[in-house]
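Here is my note on the model, as numbered points. Please read it with the structure open.

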Amino acid sequence: MQTPDQKKQMFFDMQEHPEKYSDEQIETMMDELNQMPDVGAAWQKFEQNNCQTALRPSRSRWKAAAAVIGILMVSGIAFAAIHFIRHVADVRGDLRTPIEDTRISNSRQQTAETDTTATSHPKLYDNVPLGEIFKDLSDYYHVKVVYRNEDAPRLRLYYLWKPEYTLEKVMEMLNNFEWIQIQKENDTLFIRTTAIPAKDC
Amino acid sequence: MGITVKDVMERIECQRLFMQHYAKMYRVARTILYDEQESEDVVSDIFEHLLYGETILMPDTEERYLLTSVRNQCFKRLRHVSNSLQGGDYAELADDSETDDERLTDIDEFVANHLSVQEQRIFRLRFTDGYSYEEIATAEDISRVAVWKHLSHALNIIRQHFKE
């Protein structure tokens, strides 16, 4: 019985040296490759991985996402939005690298298990304060960050960052949240936020 | 505020494309990568791109676009794997995507210059039109094994081209 790796190796070898294999072996390989996938199951999986709009770049999509997910105030707004936040453990980055996943189970537990040193992988900020997010971003893009209001660094956000994003792209994405305004002047980002009422969360 | 009608329509359209083309795309990916999970990933990545991106597909050419995307992504992936096996760095390779894209646009030209007329036809039937081995064998009036051999030869020299 061959392991999947051995079969894969045989597949490539069969392409490189078909003369080494009998017609029957080649036929068997083709039959295997011709197998129809379960499209319904594949769609369900895809939908599960993309079931909410938080990752969408366009303005309307981001605003819709913001309405569902909301920004959670540190003061302890119940984390009702948790039901809407998809499970992201298997969110895939372009290079199939693991995404640092941050999770909280309620508003009191504000741990953010992010790896702030890893910058070459996509990174998911799941209910993480803006202050932490922008600390990473300022390190990565070599910019300073100035908050225009004192609440700003404490507002929490759900955001998927990818290393291929330019700073301008990140600003564009985050500016699509109605309650965040980011302006860049030289090498400094000026951030202003407005609080959202608890009922929106 | 909430999910807009536009969002719903985009999702419905994405579902239609997915249901209609997934099977063919997946089989094309498997022809190049073999690995089921990797093939699934390649196809899902393409749909994710469509869902989140601005690409609008024309009904007449959507299948070709999707299958060509699969083919290109698979070759790209193979190149990365090959490089990483030789000690390359994934992060470095990511920066190399422009070079990759240039190579990918050259594939058709490369195929035209390096494959026999019959192989070019078979290559396109499989990777642009999504024909099965069986369908190609019937169209070309050759055995399935002969189809495999022609495709293998084509894939080998394209892979070689990518390694260089």
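The points below go from chain B as a whole to single residues, then to one helix of chain A.

1. Basis. This is a predicted model: local features need pLDDT of at least 70, side-chain atom pairs count only at pLDDT 80 or more, and totals for chains, interfaces and linings use all residues. Residues are numbered from 1 along each chain as its sequence is written, while chains are lettered from A and ligands numbered from 1 in the order in which they are written.

2. Make-up of chain B. Chain B has 8 helices and 0 strands. Its elements run α-α-α-α-α-α-α-α from the N terminus. Helices here are DSSP runs of H or I, at least four residues, and strands are runs of E, at least two, numbered from the N terminus.

3. Burial and contacts in chain B. The chain holds 164 residues, of which 29% count as buried. Buried means 20 or more other C-beta atoms within 10 Å of the residue's own; exposed means 12 or fewer; partly exposed lies in between, with C-beta atoms placed from the backbone. Take the contacts between residues at least 6 apart in sequence: 66% of them join residues at least 24 apart. A contact needs C-beta atoms, placed from the backbone, within 7 Å.

4. The α6/α7 pair of chain B. Helix α6(B) spans residues 117-127 and α7(B) residues 133-140; their axes come within 10 Å and cross at roughly 145°. Axes are lines fitted to C-alpha atoms, for helices over the stretch in contact, with angles from 0 to 180 degrees between N-to-C directions. From α6(B), B:I122, B:L125 and B:R126 make the contact, and from α7(B), B:I136, B:A139 and B:E140. By class, the contact residues are 4 nonpolar, no polar and 2 charged. Nonpolar covers Ala, Val, Leu, Ile, Met, Phe, Trp, Tyr, Cys and Pro; charged covers Asp, Glu, Lys and Arg; the others, Gly among them, are polar.

5. B:Y34. What is its phi? It is positive, about 70°, although B:Y34 is not a glycine. B:Y34 sits in the loop between α1 (5-33) and α2 (36-52) of chain B. It counts as buried because it has 21 C-beta neighbours inside 10 Å.

6. B:D141. Phi is near 60° here, again positive in a residue other than glycine. The residue lies in the loop between α7 and α8 (144-163) of chain B. Buried or exposed? B:D141 is exposed, with 7 other C-beta atoms within 10 Å.

7. Helix α6 of chain A. In this helix, residues 167-175, the buried residues are A:V170, A:M171, A:M173 and A:L174. They cover an arc of only 165° around the axis, so they lie on the same side of α6(A). The arc is taken over the directions from the helix axis to the C-beta atoms.

Notes
Two residues are in contact if their C-beta atoms, placed from the backbone, lie within 7 Å.
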